[in-house]
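These are my notebook entries from a reading of one structure, set down in the order in which I looked things up.

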Amino acid sequence: MTISTRMKRRTLFAAGLGLAAAPAIFRDKAEAAATAATGENRSMDGTPLPEIDQFKLGSYQFTVVRDGINISEKPHETFGTNQDPETVKALLSANFLPADKFLNGYTPALIDTGSDVILVDTGFGASGRARGAGQLAEGLKAAGYSAEDVTIVALTHLHGDHIGGLMEDGAAAFKNARYIVGQAEYDFWSDKAREGTPAEGGHKAVLANVVPLAEKTTFIKDGDSVAPGITAMLAAGHSPGHMVFHVESEGKRLVLTGDTANHYILSLLRPDWEVRFDMEKTQAAATRRKVFEMIATEKIAFLGYHMPFPAVGFVERQDGGYRFVPKTYQFDI
């Protein structure tokens with residue numbers, strides 16, 4: 001399908017909402033205003049709409065989808081596990097956040113380069129729908145795309161909240177796509193040596209969702225190209241072969257950081273604090289500091305899978321770590 005055809009379909013989709021030819025930013029604002037009284041984002045027929053955000057990076061069009069959210073208890077049991085719990089609670093309170101709960105979001109992103117439609121990570125898929133996640137497919141539809149439009153699926157790593165959307169009813173969800181996976185990541189999770197270990201659940205998920213796609217997969221290493229303007233960089237620690245993707249178009253740059261940092265305060269302001277879900281905690285902390293020091297020094301944007309929606313922003317150095325500065329209108333004018 002050509003880009004012009006996709007654009008025509010997105011225009012028709014908008015027309016069906018009475019918002020033909022409105023830019024995405026205005027369409028989103030109009031829908032938000034129409035539903036402000038209820039506090040829920042719904043289409044005109046009353047159907048709940050998935051949350052999406054669209055912006056341009058050079059000539060590339062980004063679509064960010066909120067696949068779902070999860071509210072958990074006791075943040076100190078996940079973040080800052082090498083710190084006194086009261087220290088973690090105090091940092092949250094000092095930043096106007098609850099000390100006893102935290103919200104975690106899941107944010108796949110689509111990059112339309114004009115020649116490829118590249119999906120980075122896939123959310124939970126069907127396994128998450130019973131608890132309100134697995135909204136990627138509906139989000140793409142709301143943006144005027146379909147699963148058939150996706151030509152490349154690139155995975156930062158192979159944890160369940162990133163690979164769950166690869167398969168649907170036992171078949172590939174993105175039937176026209178080829179796949180990009182880190183070689184070290186795939187080798188670790190597909191290895192039968194994971195059986196009988198704490199990684200067995202992840203191993204089974206990879207066998208079900210990733211291994212069936214191996215014949216259509218390109219296995220990459222640090223520095224390899226995903227597509228023109230998109231380069232993979234090894235950022236291990238959270239998982240053995242975790243990747244981040246550096247995107248550049250017309251001199252504009254953004255890094256998709258995956259799970260390098262999983263909380264905008266507890267992981268960024270305190271990058272050296274240990275995180276329960278990081279497999280190699282010392283390496284993950286060193287990687288976190290390396291990646292975000294680069295982002296801060298070069299003043300480039302990043303998209304973090306678990307950052308506050310729409311998960312895009314910048315960082316500046318503060319208090320020995322990094323302060324998250326969410327995007328506003330930088331990409332819209």
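**Entry on the model.** I note before anything else that this is a predicted model, and I read each entry with that in mind.

**Entry on the sheet.** I looked up the strand order and found an open sheet of seven strands, running E12-E13-E14-E15-E16-E17-E18 with mixed pairing. Its edge strands are E12 (225–227) and E18 (321–326), each of which pairs on one side only. From one strand to the next, the twist averages 35 degrees.

**Entry on His242.** I found His242 in the loop between strand E13 (230–234) and strand E14 (243–249). Is His242 buried or exposed? With a relative accessible area of 0%, His242 is buried. A polar atom of its side chain lies 3.0 Å from the backbone nitrogen of Asp259. Beyond its neighbours within four places in sequence, the residues in contact with His242 include Thr156, His157, Glu185, Met233 and Thr257.

**Entry on salt bridges.** Side chains of opposite charge can pair when their charged atoms come close. I counted 14 salt bridges in the structure and followed three of them.

- Asp53 and Lys327 meet through their side chains, at 3.0 Å from N to O. Asp53 lies in strand E1 (residues 52–57) and Lys327 in the segment after E18, so the pair ties together parts that are 274 residues apart in sequence. Asp53 is buried at 15% relative accessible area, and Lys327 is buried at 11%.
- Arg270 and Asp319 have their closest N and O atoms 3.1 Å apart. Arg270 lies in the loop between E15 and helix H8 (281–298) and Asp319 in the loop between strand E17 (312–318) and E18, so this pair ties together parts 49 residues apart in sequence. Asp319 is exposed, at 56%.
- Glu200 and Lys204 have their closest N and O atoms 3.9 Å apart. Both lie in helix H7, four residues apart, about one turn of the helix, and Glu200 is partly exposed at 25%.

Note on methods
Residues are numbered from 1 along each chain as its sequence is written. This is a predicted model: local features need pLDDT of at least 70, side-chain atom pairs count only at pLDDT 80 or more; totals for chains, interfaces and linings use all residues. Side-chain values use heavy atoms; hydrogens and water are left out. Helices (H or I, at least four residues) and strands (E, at least two) are DSSP runs, numbered from the N terminus. Buried means under 20% relative accessible area, exposed over 50%, partly exposed in between (1.4 Å probe, protein chains only). A polar contact is a pair of N or O atoms within 3.5 Å; within protein, one must be able to donate a hydrogen and the other to accept it, and residues adjacent in sequence count only if both atoms are side-chain atoms. Contact means heavy atoms within 4.5 Å. Two strands pair if DSSP finds at least two bridges between them. Axes are lines fitted to C-alpha atoms, for helices over the stretch in contact, and angles run from 0 to 180 degrees between N-to-C directions. A salt bridge is a side-chain nitrogen of Lys or Arg within 4 Å of a carboxyl oxygen of Asp or Glu.
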